[in-house]
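Thanks for making time this morning.

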Amino acid sequence: MTAMAAALREYDAFMRAALEQASAAAAAGDVPIGAVIVRDGQILAAAHNRRIIDADPTAHAEILAIRAAAAALRDWRLTGCTMLVTLEPCCMCAGAIVLARLDRLLFAAADPKAGAVRTLYRLCEDPRLNHRVEVLAGLRAEEAGELLQRFFQTQRLAGKK
């Protein structure tokens with residue numbers, strides 16, 4: 001069994017939950033990115049982008065999910081946890097994933113403009129850092145990519161950035 005097949009089997013429902021979060025972001029007018037953090041087969045935290053809603057440039061789905069999971073565990077160390085996110089994390093989010101000591105990251109679509117996990121940088125696996133995160137990419141990538149494309153097409157038609 002390939003790594004992707006195993007991940008699909010184990011994490012598919014959780015990535016679907018992340019995609020639901022992404023859809024909630026789109027419905028609120030924000031870039032449709034969703035994230036969930038899982039531990040022991042249970043969702044600890046789920047979040048979506050809230051940059052526009054909160055007028056906060058740091059309100060990325062990954063950051064909000066990390067904050068919620070840390071609060072749920074009452075610990076900043078998220079060891080034993082896996083994050084699933086619909087788009088490859090940016091530098092800020094990849095750094096937070098490393099700092100939070102997440103064990104694993106699964107992302108759906110690659111981000112050619114800001115991806116800091118595999119596309120532009122490899123922050124989560126950088127041997128110079130004190131923690132490394134296991135990374136798997138591509139789980140439900142087509143769905144996540146289509147959601148993003150639809151959102152940005154709608155934005156362009158509406159004359160928004």
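This is a predicted model: local features need pLDDT of at least 70, side-chain atom pairs count only at pLDDT 80 or more; totals for chains, interfaces and linings use all residues.

Which residue takes a positive phi in the hairpin of β1 and β2? That residue is Asp40, with phi near 55°, in a hairpin that has 2 residues between the strands. Residues are numbered from 1 along each chain as its sequence is written, and side-chain values use heavy atoms, with hydrogens and water left out.

Strand β1, residues 34-39, pairs with β2 in the antiparallel sense over 6 bridges, and within that pairing Ile37 stands opposite Ala45 in β2. Here strands are DSSP runs of E of at least two residues, helices are runs of H or I of at least four, both numbered from the N terminus, and two strands pair if DSSP finds at least two bridges between them.

Stepping back, 5 strands form an open sheet with mixed pairing, in the order β2-β1-β3-β4-β5. Its edge strands, each pairing on one side only, are β2 (42-48) and β5 (134-137), and the twist averages 15° from one strand to the next. At the other end of that order, β4 (residues 104-109) runs parallel to β5, joined by 4 bridges, and Arg104 stands opposite Glu134 in β5. Helix α5, residues 141-157, packs on the sheet and touches β3 (81-87) and β4, its direction making about 55° with that of β4; contact means heavy atoms within 4.5 Å, and axes are lines fitted to C-alpha atoms, for helices over the stretch in contact, with angles from 0 to 180 degrees between N-to-C directions.

Finally, the whole chain. The secondary structure comes to 5 helices and 5 strands, which run α-β-β-α-α-β-α-β-β-α from the N terminus on. The radius of gyration is 15 Å, close to the 15 Å that the globule rule gives for 161 residues, so the chain is as compact as a globular protein of that length; the radius is taken over C-alpha atoms, and the rule is 2.2 Å times the number of residues to the power 0.38. Along the principal axes, the C-alpha atoms fill a box of roughly 45 × 35 × 30 Å.
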